[in-house]
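Please keep the sequence and the model in view while working through the points.

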Amino acid sequence: MSCPRCAAQVRKPDLMHSSWRCDNCGDVPPFHVAEHISAEIVGTVLRESASSAERIPLWCPWPLPSGWMVTGAGWSGDDRFGVRATVLACSGPEPLGGGPADLVLIAEQPGVGLGTRFAGIPGIDPGHLLSEALADPGSHAGPHAKIRAAGHPTPLWCVKSPEDRSAYVSEAKGMWLYAVAWPASAGYLLAEHVVLHDLSEGVPSELVFGAPSPYLHGRA
């Protein structure tokens with residue numbers, strides 16, 4: 001487990017503190033990520049999410065783009081407040097050059113900070129950067145990408161992030177939705193006809209799993 005905001009170790013609740021806490025960020029919902037990925041791991045994440053008062057989506061591109069596989073899953077939360085964010089990683093060929101690429105999809109309630117951590121952007125919510133993207137006079141009119149999430153058209157807005165990745169932000173099912181791609185050019189995947197399926201509504205039996213994503217294990 002780690003801090004969802006800075007990836008540092010977290011301390012367990014004790015007699016003096018009722019919440020998990022990070023020395024850098026204070027009280028946080030700890031981030032849990034499995035070392036490997038399988039249908040059983042996906043089921044564990046879904047059971048944890050189902051036990052919360054508000055179910056958090058677990059977004060997955062479905063159908064998966066050609067050559068892509070699910071390579072990781074995790075959640076942020078604790079027994080006291082339940083799950084407050086979920087993450088799913090996919091890996092496959094980069095859409096332009098054909099090299100390896102990774103995509104991380106995060107759904108989270110406000111104030112968690114897991115999405116901004118992977119996007120490499122400041123703060124714990126992306127609202128200010130989303131406002132900047134909408135107001136940028138150099139940006140073309142309309143969203144930077146359009147996908148479908150749970151059957152609904154969903155615009156994505158590209159926000160400023162480190163040069164090694166591209167980060168898109170939106171809202172779906174009343175929560176923040178982040179799509180973060182490595183390398184930055186892999187963000188062009190979202191320009192294709194991408195459909196996000198909430199795995200809490202059913203896990204396709206044809207889901208393909210691959211080697212664990214390095215971005216869920218300390219690289220990001």
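**Notes on aromatic pairs, a threonine and the nonpolar cores**

1. F31 counts as buried because its relative accessibility is 1%; buried means under 20% relative accessible area, exposed over 50%, and partly exposed in between, with a 1.4 Å probe and protein chains only. The model is predicted, so local features need pLDDT of at least 70 and side-chain atom pairs count only at pLDDT 80 or more, whereas totals for chains, interfaces and linings use all residues. Residues are numbered from 1 along each chain as its sequence is written, and side-chain values use heavy atoms, with hydrogens and water left out.

2. The structure holds two aromatic pairs. Rings of Phe, Tyr and Trp (its six-membered ring) pair if their centres lie within 6.5 Å; planes under 30 degrees apart count as stacked, over 60 as edge-to-face and the rest as tilted. F31 and F118 form an edge-to-face pair, because their ring planes stand at 75 degrees, with the centres 6.1 Å apart. This pair links distant parts of the chain, since F31 is in strand β4 (residues 31-33) and F118 is in helix α2 (residues 114-119), 87 residues apart. Helices (H or I, at least four residues) and strands (E, at least two) are DSSP runs, numbered from the N terminus. F118 is also buried, at a relative accessible area of 0%.

3. W182 and Y215 make a stacked pair, because their planes lie at 10 degrees, with ring centres 4.0 Å apart. W182 belongs to strand β12 (residues 175-182), while Y215 lies in the segment after β13 (195-198), 33 residues apart. W182 is buried at 2% relative accessible area, and Y215 is buried at 8%.

4. T116 is placed in helix α2 and is buried, with a relative accessible area of 3%. A polar atom of the T116 side chain lies 3.0 Å from the backbone oxygen of G113. Beyond neighbours within four places in sequence, T116 is in contact (heavy atoms within 4.5 Å) with residues including I121, P122 and Y178.

5. Which residues have the most contacts inside the largest nonpolar core? They are W59, V70, L196 and L199, in a core of 37 residues. A nonpolar core is a set of buried Ala, Val, Leu, Ile, Met, Phe, Trp, Tyr and Cys residues joined through side-chain atoms within 4.5 Å. A second, separate core of 23 residues includes V112, A119, I121 and Y215.

Definitions and conventions
Polar contact = N/O pair within 3.5 Å; in protein donor to acceptor, adjacent residues only side chain to side chain.
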